Amino acid sequence: MPDTESFTEHLLSQMTLDEKIGQLNQITVGPDFDPDMLRQGKVGSILNGSSGVLTEQGARTTTRAETANYLQQLALQSRLKIPLIFGRDVIHGHRTVFPIPLAQAAAFDPALAEEAASVAAREASAEGVHWTFAPAVDIARDPRWGRVAEGFGEDPTLASRMAAAVVRGFQGEDLSRPDTLVACAKHYAGYGAAEGGRDYENSEISEPTLRDIYLPPFESAVRAGVGTLMSAFVDLNGTPATANRHLLTDILRGEWGFDGFVVSDWDSVAELIQHGVAEDRAEAARIALHAGVDMDMVSRAYLETLAASVRDGKVPVDEIDEAVRRVLRIKHRAGLFSHPYADPQRAAHSQPTAESRQLARRFARQCMVLLKNEDGLLPLQGFRRILVTGNFAHARGELFGTWTLDGRAEDAVPLSEALRQAAPRDVELMFETHVDLALHVAHHADAVVLVLGEHPSRSGENANVSDLTLPAGQAEFVEAMAALGKPTVLVVFAGRPLALTRQVAQVHALLYAWHPGIEGGAALAEILFGYEAPSGRLPITFPRATGQVPIYYNHKNSGRPIVADGAFRTRYIDLPSGPLYPFGYGLTYTTFRYNNLRVSDATLRNRITVSAEITNTGPRAGREVVQLYVRDLVGSLTRPVRELKDFQAVDLRPGETRKVTFTITEDMLAFTRADGTRGVEPGNFHVWIVPHSQGGLRGEFAL
Ligand code: GLC
């Protein structure tokens, strides 16, 4: 196969204007589907293909692979036989549903996320999917926003590591292999700052904050070789992302050298009219194309207006050519010209396997975060009769979380069943989901496990909440159960941080399980009964109350910082200061001591090392996510009070001490300075090696 560039140029040189514009058009297959569109080369991509399409021969396709192949053979009847690229939202697994991305970030284990993404690629590609609209790498500081579930939390360093890992997992070493997926970093950019946590609302982000907080995960995905990006719905500082040339061309192409293609989010080209930056569809299409959106998701504004705009001299044909070149480049890199069809023999690879389930279970376990464990109530030991109650007691598909298009509830063992299978022989588990009966049954129990939280439909796109406390009725249930005075564990399933201040005071142990995926029940059992210890850490700050939002660890110091005993002790007169639980926080079944922090040099010339000794001071082995933070004390712009720069997970046996060493290089300290350039500034820094983003061992160095 000739190299991509020469192949692409040669093919482009043969294309008519209409064939070029057809490649920039992405459709779904609905009731009005017209097969001739494919034959005429008017479609470049199909997304979220349904599993059953009525063929012209009157038969209905039955499998997703069969449907893809039926549609592909129509496209290959076109004059130039350019294959379709099939896209789909394979966000956190295909049939093997892994924890939601926010939960994945809580594992602080990018390698695990990479492995999970490669499984998802194998399963989805076996069904004819070529391209996934993932990873979502939107930084989010507002848990009211439903899509906080889909990103990797509030920190740019963690989100950047996760973004690169997931891109590598989906795309593999060789994107032309049929068991890989083209990845798509989304939603570019600033979508997570939607005002009020209200999806689709506008974001106001200063350029320094945009560049230092919201863009790094996208740049990381580009550096990892991501094939595509998706422009966001959001109106960013007055220019919708889909019309934002500064984002889509100046930064993405000019600064980062991205050579893949950009697809708009659903209908967002036509929505430029609603935004009020385009009079009509023709202007919307012109603006989006000029900004740098190469493919139009389902609005058909490109298909229906660009040819006339070119003829009217309003759109230069080389803008069309450049967009088509990018699309053809990715199709060629993905090997679609050599293997356009799904191999029916591979369809079996789309199913969960024992190995993929093991991986999902390990991932689910490593995502769960232990937030409270009074008197070592967990792991549950010595209790003969345990009541498990709450809306998740028999959860199956509810464990999957948002955006699980292909997860099947029947593939998941119900939570109750998983707990029963794992419970020690001398433990009797009782399950009751009727609130009134639960109180009665609890009298006969030695301990109570409450399994509560958000149904996945309260999470994801436009599932925004104005109140972060537990869903209606659950707080009262916790209160009633806790009043019985039994040892009580609260397990919360959710797609976002919830404000659990009341519940924390009422229960003895609190475990955050997020939406843990297909093996969430078994993973929970392993932790509850102590076969494994929890090791997750918070990828996002947990507020005490909704009114505290936005609240995040890498905040600015202000001129009147909160000091424990000073005049400016708090920011709210009705709340203690600070979050309920900080970024990076999480407990396990043992304890750790940090000491002997050492900084290799007082002055950083091009690198220094910082080390500390971590000792497992508790009774059992444990995994500690050791975190490195810095603070730039003085800058030409105000600087965050802390910034995560690296992390390492260490597994320590009881009594074991490990010296953990980090390297700090100058480029890790770069930021967007007052003059708008990116770089470092001489001065003094604090550095911490700590278990989370508050307090801990501190050192110093100068640059
Ligand atoms: C949706 C989402 C986007 C998704 C796309 C295709 O509206 O915003 O994340 O990939 O449309 O389903």
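Modeller: Two strands pair if DSSP finds at least two bridges between them. The model discussed here is predicted.

Biologist: How many bridges join S11 to strand S16?

Modeller: S11 covers residues 369–373, and S16 covers residues 509–512. The two strands run antiparallel. Pairing requires at least two bridges, and the count joining S11 to S16 is four.

Biologist: Which residue in S16 is the bridge partner of Val 369?

Modeller: Val 369 belongs to S11, residues 369–373, a strand with five of its five residues buried. Across the antiparallel pairing with S16, the bridge partner of Val 369 is Tyr 512.

Biologist: Is Cys 367 buried or exposed?

Modeller: Residues under 20% relative accessible area are classed as buried. Cys 367 has 1% relative accessibility, so this cysteine counts as buried.

Biologist: How many disulfides does the structure hold?

Modeller: A disulfide is a covalent bond between the sulfur atoms of two cysteines. Cys 184, at a relative accessible area of 0%, is buried, and Cys 367 is buried as well. For a disulfide, two cysteine sulfur atoms must lie within 2.5 Å; the number of disulfides in the structure is zero.

Biologist: What area is buried between domain 1 and domain 2?

Modeller: The domain assignment gives domain 1 as 4–22 + 88–342 and domain 2 as 357–548. The contact takes 44 residues from domain 1 and 42 residues from domain 2. Carbon and sulfur atoms give 61% of the buried area. In total, that area is about 3500 Å².

Biologist: How many salt bridges are there between domain 1 and domain 2?

Modeller: The centres of domain 1 and domain 2, taken over C-alpha atoms, are separated by 34 Å. A salt bridge requires a side-chain nitrogen of Lys or Arg within 4 Å of a carboxyl oxygen of Asp or Glu. Between domain 1 and domain 2 the salt bridge count is four.

Biologist: Are Arg 496 and Glu 454 buried or exposed?

Modeller: The side chains of Arg 496 and Glu 454 meet in a salt bridge, 2.6 Å from N to O. Arg 496 lies in the loop between strand S15 and helix H19, and Glu 454 in the loop between S14 and H18, so the pair ties together parts 42 residues apart in sequence. Both residues of this pair are buried.

Biologist: Which residues does Ser 459 touch, not counting residues up to four places away in sequence?

Modeller: Ser 459 is found in the loop between strand S14 and helix H18. At 5% relative accessibility, Ser 459 counts as buried. With residues up to four places away left out, Ser 459 touches Gly 146, Ala 149, Thr 402, Gly 495 and His 515.

How values were computed
Residues numbered from 1 in each chain as written. Predicted model: local features only at pLDDT ≥ 70, side-chain atom pairs only at ≥ 80, totals over all residues. Heavy atoms only, no water. Buried < 20%, exposed > 50% of the residue type's maximum accessible area, 1.4 Å probe, protein only. Domains from an automatic or database assignment. Contact = heavy atoms within 4.5 Å. Buried area = accessible area lost by both parts, 1.4 Å probe.
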